[in-house]
Amino acid sequence: MKRTLVGAFGAIALAGALLVAAIQVQAAREREYPPPQVDEDAVYITSGSALRRLSGAYNALAADLYWIRAIQYYGAAKARLAERPLAPDPPPMLAAVESKEFSQLYTLLDITTTLDPMFDIAYRFGSVFLAEAYPAGAARADLAVKLLEKGFRARPDKWQYLEDIGFVYYWYVHDYRQAAEWFQKAGEVPGAPVWLKPLAAATLSQGGDRQSSRAMWERIRQSADIGWLKRSADHHILQFLALDQIDALQSRLDALAKTRGGPAGDWGAVLRAGVFPRIPTDPSGAPYELTSDGRVRVSRSSELFPLPVEPQRLPPR
Amino acid sequence: MKAMAAIAVNVFRESVRDKVLYNLVLFAILMMGASYLLGQLTAGQDVKIIKDLGLSAMSVFGLFIAIFIGIGLVSKEVERRSVYSLLPKPIHRYQLVLGKYSGLTLTLVVNFVIMTIAFYAVLMYTARGTPPNVQRAWDAPALDPALLKAIGLILIELLLVTAIALFFSTFSTPILSAALTFGVFIVGHFSTDLRNFDQVLNSPAAVRIARGLYWVLPNLGQFDVKSQVVHGQPVPIGYMALTAAYAAFYIAMILTMAVFVFSRRDFK
């Protein structure tokens, strides 16, 4: 009995030692000959229908795998873009198309939702990933709308998809008439909340001013039952706060520029003039930047960078 | 009846001796690992994915048990020549076939009961760590009793697959039986395509053959309500009853054929 036990422990110890040795050799080999970085950007099968057939009875599980892949893909692209050396910003749409960072995102989301047409979050989050301005997203509002329309075809009871389309037009395209139309359509779906139709009317009359944009994000924040969406709403509300603060700072700096006969080109001059006791910080705690021509802006290192492009008021009919 | 019960219990014991229940350990590890890892990867969809994973794992593990034990139920007895010691005993051949089938059914049911308990335990653990506002966004609650509908239909589907595997094992080798059973399983999940052949073919004869095959081959797609259940869509009791009744008739038909083939085999 004792000999058997000793033998068993000996075998386990030997196996463990051999495993450790193998790991050490592999680590040494990787130090000496680093493995190539694999840029896993390829989607080998792009047809959701084909994958639906291949996955047979396990469509939903395959959809989950593609959903995880879509999130990883989006997150990795965002992280890569955040690490890039800061260069002058090209126009967002142009930059998004040229960078190809998010080129497979729609394909992954399309496959996910073909494999599982009821995958609610894939439509709702996916459309945000697609519509967000570059570099936070793919700047493809058209594809976001396409994805949400697909979702509504699969689940005609989901007024939320139509509301999301309205939101995409409101926030990312700044087309308030389209936004109002989609809010109206969402309000007509049985079971939709009563506030959607007034929202459509308000969008048509006041669309584009900061106050109504802020109110929309406030409503999203209050109704969001998904943590990620709530955090996103918080982030946008802080950005509005930063825009308000920049306006207030700018007016004081403009007044200073009048008294001294030209803009203060750096914070040192402003502090010496006693306008502020210290360099003002944005709501995330990062100091604001002052450009040489006396304009205040959020720092590129701030969590709030880049601030949203301010929607313009709807032109009168 | 007594003889059949004895054979069934013996099959169950044999499957325990063959370490079949080890798959339960694998299932438990898979579920626990999933519950830990998925929260980091899925943007709040961990419960949905744990449900998908759990139901799919039950289906896959059950399928392997059904096929790899099912194909050996009769053919192993023949290969080992133990059938020669069984046949002179006061049991009918139909009792042997039905007893073997009942034994594997018992093995599957025990497996499913334990896997279901583990599945709900993992879901309960995941739900406990989730704030109520996030839970409200789920299509269905974590501990949704409707999951039992999906599990029930998976089990019924596997009982049908077991009957098919047993049927093949009455006249074929284990490898061929496994291949044929897998083939029927795959075709059974695509049988709806046979029904819609008229949309892709212009030949009326081919369409008629395809339509005939659709009705004759087992339609396994109807047992798959995993997606509906996970998304909180209703699965009517009437649907469950009709699907279960279909399975009962089909299993009875396959077992009748298995008994017929086995009764006519010459073991002299």
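How many C-beta neighbours does A:His174 have inside 10 Å, and does A:His174 count as buried or partly exposed? In this predicted model, A:His174 has 18 such neighbours and counts as partly exposed. The residue sits in the loop that joins helix H8 (159-173) to helix H9 (176-188) of chain A. Its phi is positive, at about 60 degrees, although A:His174 is not a glycine.

A positive phi also occurs at A:Ala139, again a residue other than glycine, with a value near 55 degrees. A:Ala139 belongs to the loop between helix H6 (120-131) and helix H7 (141-154) of chain A. Here 24 other C-beta atoms lie within 10 Å, so A:Ala139 is buried.

In chain B, B:Phe197 lies in the loop between helix H10 (191-195) and helix H11 (204-216). B:Phe197 is partly exposed, because 17 other C-beta atoms lie within 10 Å. Beyond its neighbours within four places in sequence, B:Phe197 contacts B:Ala206, B:Val207, B:Ala210 and B:Arg211. B:Ile209 is 12 residues from B:Phe197 in sequence, and their C-alpha atoms are 9.6 Å apart.

The two chains also meet. Chain A gives 19 residues to the contact, and chain B gives 22 residues. On the chain B side, two or more residues come from each of helix H3 (46-70), helix H7 (132-136), helix H9 (174-189) and helix H12 (226-230). H3(B) gives the most, with five residues. By type, the side of chain B that touches chain A holds eight nonpolar, nine polar and five charged residues.

Technical notes
Residues numbered from 1 in each chain as written. Chains lettered and ligands numbered in written order. Predicted model: local features only at pLDDT ≥ 70, side-chain atom pairs only at ≥ 80, totals over all residues. Contact = placed C-beta atoms within 7 Å. Helix = DSSP H or I, 4+ residues; strand = E, 2+ residues; numbered from the N terminus. Nonpolar A, V, L, I, M, F, W, Y, C, P; charged D, E, K, R; others polar. Buried ≥ 20, exposed ≤ 12 C-beta atoms within 10 Å, placed from the backbone.
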